[in-house]
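Please find below a colleague's note in numbered points, to be read alongside the sequence and the coordinates.

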Amino acid sequence: MTDDIHRARELLDHATAVAVLTGAGISAESGIPTFRDALTGLWANFRPEDLATPEAFEANPKLVWDWYAWRRGAVANALPNAGHRALVAIERQCREHQVDFTLITQNVDGLHWAAGSLRVVELHGNIRRVKCFDQGHAVDRWEAGEQVPTCPQCGSLLRPDVVWFGEALPSDALAAAFAAARTCDLFFCVGTSTVVEPAASLPFLALESGARVIELNSAATPLTPHATVSLRGTAAQLLPALALQGQ
Ligand code: NAD
């Protein structure tokens, strides 16, 4: 593993444009469940596709609201971990050497901002924000109660400001992510199962465009056989080791 970290660091030291894609795995060590873990206990009988869709919300808004309220609670109590902080250090190292750096996340927890990342492309929204279902009005405050709260402007039900399965991603974020994948010469894929599209295509687009791809994951994924370097372990262990070698 030390050799792999060393090789990854060498690639980082010679890169001119770096893109990083993160997924739920980077926040696992902050105590935020990945999708697989988020469907334990009370939620064990559901699949994400049964809860994280507009159709699920229309069919049973209370169920979906409650699942997100539970997840929002986990996020509210979470702190960035050593993996988030190492990406802040790597961003700083890149900036100091005039290397382009783009951090793209599928996470909705806001922990990259909390760690101090300067620029984060959020592909799937942010669970800390709420908007209304019909008009998308942003709502800052609502009363928790038995019922799903409603929008003070139009009366429609409130929902989390995240991208559900079957919904379009924010176009600015998507364009920024695809541009970074196409133009970088080094792409990191951290803690993502690379199965949720369109984010899953980003490392493959980077590869097709000639970039090296470093995968960091605690388990193998569909990307693993294609990665230039595969770092097997947790984000909070391996990213600091990578960042430290650049100090
Ligand atoms: P996922 O849950 O499908 O996969 C998590 C991946 O992380 C797996 O490949 C797993 O092997 C790996 N992993 C687990 N712990 C790890 C660790 N400590 N270090 C490194 N890797 C680790 O998540 P995904 O690929 O991000 O995609 C699914 C969707 O889940 C996304 O749309 C995302 O918005 C949503 N999601 C986000 C959060 C969050 O914001 N924290 C949490 C759950 C789900």
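1. The backbone nitrogen of Gly-83 lies 2.6 Å from a polar atom in the side chain of Asn-81, which is a polar contact in the sense used here (a pair of N or O atoms within 3.5 Å; within protein, one must be able to donate a hydrogen and the other to accept it, and residues adjacent in sequence count only if both atoms are side-chain atoms). The side chain of Asn-81 also makes a polar contact of 3.1 Å with the side chain of Ser-30.

2. On the basis of these values, please bear in mind that this is a predicted model, in which local features need pLDDT of at least 70 and side-chain atom pairs count only at pLDDT 80 or more, whereas totals for chains, interfaces and linings use all residues. Residues are numbered from 1 along each chain as its sequence is written, and side-chain values use heavy atoms, with hydrogens and water left out.

3. Asn-81 is placed in the loop between helix 5 (61-76) and helix 6, helices being DSSP runs of H or I with at least four residues, strands runs of E with at least two, both numbered from the N terminus. At 7% relative accessibility Asn-81 counts as buried, a term that means under 20% relative accessible area, with exposed over 50% and partly exposed in between (1.4 Å probe, protein chains only).

4. His-84 belongs to helix 6 (residues 82-96) and is buried, at 0% relative accessibility. Its side chain is joined to that of Ser-27 by a polar contact of 3.2 Å.

5. Around the ligand there are 26 residues, the closest being Gln-106, Val-108, Asp-109, His-124 and Asn-217, where a residue is near if one of its heavy atoms lies within 4 Å. Helix 2 (residues 25-28) gives the largest share of this shell, three residues.

6. Which atoms of Val-108 lie 2.7 Å from an oxygen atom of the ligand, backbone or side chain? A backbone N or O atom of Val-108 does, while a polar side-chain atom of Glu-29 lies 2.9 Å from a nitrogen atom of the ligand, and an N or O atom in the side chain of Ser-218 is 3.3 Å from a ligand nitrogen. Taken alone, the ligand exposes 850 Å², of which the protein buries 89% (Shrake-Rupley method, 1.4 Å probe).

7. Cys-132 lies in strand 4 (residues 125-132) and is buried, with a relative accessible area of 1%. Between Cys-132 and Glu-29 there are 31 Å in space, C-alpha to C-alpha, and the two are 103 residues apart in sequence.
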